Amino acid sequence: PMIFCEKCGWQAVPEKDLPVLLPETKDFRPKGTEKGPLASIPSFYQTKCPSCEGPATRETDVSDTFLDSAWYFYRYLDPKNKKEIFDKELVKKWLPVDMYIGGTEHAVLHLLYSRFLAMAFKKMGLADFEEPFTRLRSHGMIIKEGAKMSKSRGNVVVPDKYINDFGADTLRMYLMFLGPYQEGGDWRDSGMMGIVRFLNRVFEYYANVKAHSQKPLSGWIHAHIKKVEEDIESLKHNTAISELMVVLRRFEEEEISGKKDLEALLLLLAPFAPFLTEELWEKLGNKYSVHKQPWPKYDESKLTSDTIKLILQVNGRLRGAVEVERGLSKNEAEKIALGESRVVSALNGRSPKKVIYIKDKIINLVT
């Protein structure tokens, strides 16, 4: 903070007078002039010169919030330090930041200031790096009716209504399901109903299932755990949610009741629907919060699925596909193929004269 005296010029505020606190005021709006709001508060800007003690004027154009936000993460590490700006050893341990996520509009303001201060701190010996963020991810823009959301267009979505109607979990998941995080997406009210139906299916399934704790984690679920984990780390939330939908569908088709399987789906779903999963976690008989559990671990040796899609052909023409166990013999595969209605219809009462079988891939019945 600086003080200007007509006689002595610019003077720094003496350390004994620091900090200079901003005044409490209800009217902080700009007045349409070149001066800032503080210039309309005489009690703040009228002061004495530190040198001659004559009348002087305090600087009213103070640092804006972008400068504050350019280095706040250093202070977060050491917020109660009253002796120095921050502990250098703590900064060395925790910084630079692993990933910075923000809008592209921050590129000039926040990011430019942060890089400038990082270089200054290094030059001052307070840090050992010049780049404050090792990775940058800019989030995409959500549009509505083909246009960027803005008050002037009148197309801004107020979340309160959707939270009241569908719940915070639904709104959160819909936003993440709109599209790739770095690309954004197009908001449509009708699109939210897909998430509503999915979460309702999850709730209904867990409301009716009777969990059997003795069953181990199914082998097929390991690949899904790996996919969801990798998608979350890559900010591909939309495809992670799609993967969870695949898992639920298999639960429904096979009537999964093993408690470890049921818990695994809730753990994978918890980052997206924290309230619903907390309730269902308790319903399974668990005493502690789902959000305090370790992330499910996948077994590398079980990432190869126990089942495959066997392509069915008659005289070389595709007649469908069926999910079967891996490693079927030729006779087993032929028996399954002859039991499929589409194959039977294509044969039209004829018996195959030749069977061509490529293990775990294709079976072709030739008449």
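The structure holds 15 aromatic pairs, where rings of Phe, Tyr and Trp (its six-membered ring) pair if their centres lie within 6.5 Å. This is a predicted model, in which local features need pLDDT of at least 70 and side-chain atom pairs count only at pLDDT 80 or more, while totals for chains, interfaces and linings use all residues. Residues are numbered from 1 along each chain as its sequence is written, and side-chain values use heavy atoms, with hydrogens and water left out.

**Aromatic rings**

Select phenylalanine 4 and tryptophan 10. Their ring centres are 5.1 Å apart and the planes stand at 55°, so the pair is tilted; planes under 30 degrees apart count as stacked, over 60 as edge-to-face and the rest as tilted. Phenylalanine 4 has a relative accessible area of 29% and is partly exposed, and tryptophan 10, at 47%, is also partly exposed. Here buried means under 20% relative accessible area, exposed over 50% and partly exposed in between (1.4 Å probe, protein chains only).

Go next to tyrosine 205 and tyrosine 206. With centres 6.0 Å apart and planes at 75°, this pair is edge-to-face.

Then select Tyr72, Phe73, Tyr74, Tyr76, Phe86, Tyr100, Phe121, Phe129 and Phe133, which form one aromatic cluster.

**Helices α8 and α10**

Display α8 (residues 192–208) and α10 (residues 237–254). Helices (H or I, at least four residues) and strands (E, at least two) are DSSP runs, numbered from the N terminus. The two helices pack at about 40°, with axes 11 Å apart; axes are lines fitted to C-alpha atoms, for helices over the stretch in contact, and angles run from 0 to 180 degrees between N-to-C directions. From α8, the contact (heavy atoms within 4.5 Å) is made by Ile195, Phe198, Arg201, Val202, Tyr205 and Tyr206. On α10, select Leu244, Met245, Leu248, Arg249, Phe251 and Glu252.

**Helix α11**

Select α11 (residues 259–269), a mostly covered helix with 10 of its 11 residues buried. Among the buried residues are Lys259, Asp261 and Glu263, along with Leu262 and Ala264.

**Threonine 60**

Finish in the loop between β4 (55–58) and α2 (65–68), where threonine 60 is found. Its relative accessibility is 15%, so threonine 60 counts as buried. Leaving out residues up to four places away in sequence, threonine 60 touches Leu38, Ala39, Phe44 and Tyr45.
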